[in-house]
Structure formats: structure tokens, C-alpha cells
Amino acid sequence: MSSRVNASYFPQAERVAIFGGTHGNEMSGVTLVNMWIKNRAEIERSGVAVRAFITNPRAVEKCSRYIDTDLNRAFTPENLSTASGDGLPYEVQRAKEVNQIFGPKGSPDAYDVIFDLHNTTSNMGSTLILESSTDYFNLQMVHYIKKAIAPESCMVLLNEHPHLKYATTRSVAKHPVGLEVGPQPQGVLRSNIFESMRAIMKHALDFIELFNSGVEFPACSVEVFRVHERVDYPRDTNGNITAMVHPHLQDCDWEPLNPGDPMFQTFDGRTIPYEGASPVYPTFINEAAYYEKQQACITTRRETLAANAIRKISK
Ligand SMILES: [Zn+2]
């Protein structure tokens, strides 16, 4: 039986955007996107219009994560449908503008693919973030990228959780892709992180060009880490943090954490173990931006997703 029988068909990806500065102090994305706005040669591919775009210019100018509220949580149906006006938080106003240019979210007019470039202070390496386990276009793309950058590694975080999924900037697109590269401090550029991000974007755009040229990508499987739980720091009754990430867990993103393994260390040196019932894979461990979100790490579970073959719908 030909794989074509089970192939999924998608239209040509005609409009692609690369977002930087959704968080204004995540410097690799800000710098790459500003570079590509000045000179687009590196991101040009035949058969597709690629647009580089700074999503939160005021936060970039201030080199802060955001001005009023986190832009990467602002793309809710309520925000996007609220009337424009002077009283709106800056990022809500900005979300409406981004949705107008690249969306509307959920409509046939939305951009085909949006890449949103982020940095993390966690030791996550290069991580692609997907929002759906059944978006075969994106699964095929991350499969292609993982193969292309080997032996360098690129993890895939799947945020499909019914409560923990949030309204991202990239969610405006039909195929949203987050790219998170670390560790890199906020407001800092590190050449190795910059080059990792740049290499992944090169392969991502190559994939889109190949897909648009009519190449069929055969069925494949992709290892992903599915978001499981958000874990807060231990706190006292006043809400103050009483323990730090344990040295045995610090920088061990994507490594298994088994029941009983050390998770936190109190200020007087006591170890608090992981008390879950089964092994998990923590990531975003001790991310600087997540203290305000009361999040010490997220735990994930590893699974393998199957992706159908994909092909372009012929015109
Ligand atoms: Zn970010």
C-alpha cells in the first residue's frame, strides 16, 4: 500500500512570520529578527513570503519582559474581541494589532506558520514548542529539524494541557511554533545560543520551501515531552518562598526525576524530595521569568507521536 493513501494534505505555506521580542529581554530572538528586518536575504525562500516582526517594541526598547502584562498570555478570545481604547493594557492593545496583521486567529485569513523566538534562563538547550499532537504539518517540520541538526539535540515540548495551555502570540497562526533556547540570562546575548536559534530557523524555512515545492514527507514518529504539571516553590503561610531548586535538580532539564529524588533545598539545608507517583521529566527548571508565575519548573511526560505522511494540495 502506498503511503499516499494515508497522507494528509495541506495547502502551500504562503505566508510565514518570524516573531522576536514577544518578551523584550530575550535577546537572541530580538537580535535575529532585527537583523532579518534590515536584511532579509537569509530568510528568503522560493514560493513563500517570510516576514520578520518585533511583537512588543516597547518592551524591547526597555529590555523588559513586558510593559503592563505578559504578551504571550494575551491572545485570549476576550482580549482579541474587546474594543480598542486608551484604557487597555499596552500588551492587550498590541495583541489586537498583531491579530489584525497576522490573523485573525482561527480564521482562513491567518498566517500559515508563525515562529516565535524565545530565550530561557533554564538549561533547556534548543526546544521547539508545539500546541497540538495532531498537527502533522508541525510534527513533520520538527522531525525534519531534529534530523537536520543532529548530532546537536532539539527537544520538543508539547503544550496541549487542558488547563495549562495559554494564549500565545504565535497561536494566531494556523501552525504555531515556539522556539525556546537557553540557558541565556535576560538582557544578555550569548553567541552559542544565538547560533543555535539561527540554525534551527534555517532548517525550519528549508522544510517549508521543500514542502511548497511538492516534496512528500513520509509518515514518521516524533519524541515529545507533554506538559504534565506546574510545580511551585515551597512557601510559608505568607506566600514567601522557603526553598530553592535542589542542586541535584538544577540544570537537569529533560532528565528523569524519580519519586524520592531531591527536588528542593530549604535555606537551612534540608532536602525536599519529589513526591509524585511516577517518573517525570522536569523542564523550565528555575526559569527567572516564572518566579512571578509561581512556578519552579514544569513536569512533563515523554511520549512518541505518530505523524501521517504530508503533501501539498496540488492546485
Ligand atoms: Zn519568552
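User: Which residues does UniProt list for "binding site"?
Analyst: The unreviewed UniProt entry lists Asn72, Arg73, Tyr166, Ala167, Thr168, Thr169 and Arg170. UniProt positions are in the numbering used here, feature names are shortened, and annotations may be inferred rather than shown by experiment.

User: How far apart do they get in space?
Analyst: They are spread over 99 residues of sequence but cluster in space, with a largest C-alpha distance of 10.8 Å.

User: Okay, and what sort of model is this?
Analyst: This is a predicted model: local features need pLDDT of at least 70, side-chain atom pairs count only at pLDDT 80 or more, and totals for chains, interfaces and linings use all residues. Residues are numbered from 1 along each chain as its sequence is written.

User: Where is Tyr166 found?
Analyst: Tyr166 is in the loop between β6 (154-158) and β7 (175-182), and Ala167 lies in the loop between β6 and β7 too. Strands (E, at least two residues) and helices (H or I, at least four) are DSSP runs, numbered from the N terminus.

User: Why does Tyr166 count as partly exposed?
Analyst: Because Tyr166 has 16 C-beta neighbours inside 10 Å. A residue is buried if 20 or more other C-beta atoms lie within 10 Å of its own, exposed if 12 or fewer, and partly exposed in between, with C-beta atoms placed from the backbone. Ala167 has 18 such neighbours, so Ala167 also counts as partly exposed.

User: What does Ala167 touch?
Analyst: Leaving out residues up to four places away in sequence, Ala167 touches Arg73, Ala74, Phe75 and Thr76. Two residues are in contact if their C-beta atoms, placed from the backbone, lie within 7 Å.

User: Switching topic: which residue has the "active site" annotation?
Analyst: In the unreviewed UniProt entry, that annotation covers Glu180. Glu180 sits in strand β7.

User: Buried or exposed, that Glu180?
Analyst: Glu180 counts as buried, because 24 C-beta neighbours lie inside 10 Å. Not counting residues up to four places away in sequence, Glu180 touches His118, Thr120, Met124, Thr127 and Ile129.

User: How is the protein chain divided into domains?
Analyst: There's domain 1 (3-224 + 306-312) and domain 2 (229-297). The bounds come from an automatic or database domain assignment. The C-alpha centres of the two domains lie 28 Å apart, and the contact takes 10 residues from domain 1 and 11 residues from domain 2.

User: What about the nonpolar core, which residues touch the most other members?
Analyst: In the largest nonpolar core, with 80 residues, those are Ile18, Val113, Ile114, Phe115, Leu128, Val156 and Ala204. A nonpolar core is a set of buried Ala, Val, Leu, Ile, Met, Phe, Trp, Tyr and Cys residues joined through C-beta atoms within 7 Å.

User: Which helix gives the most to this core?
Analyst: Helix α6 (residues 191-212) does, with 9 residues. Domain 1 and domain 2 both give residues to this core, so it lies between them.

User: And Asn308, where does that lie?
Analyst: Asn308 is in the loop between β13 (297-307) and β14 (310-312). The C-alpha atoms of Asn308 and Ser8 are separated by 6.3 Å, though these residues are 300 apart along the chain.

User: Last one: how many helices and strands does the protein chain have?
Analyst: The protein chain has 6 helices and 14 strands. Buried residues make up 42% of the 315 residues.
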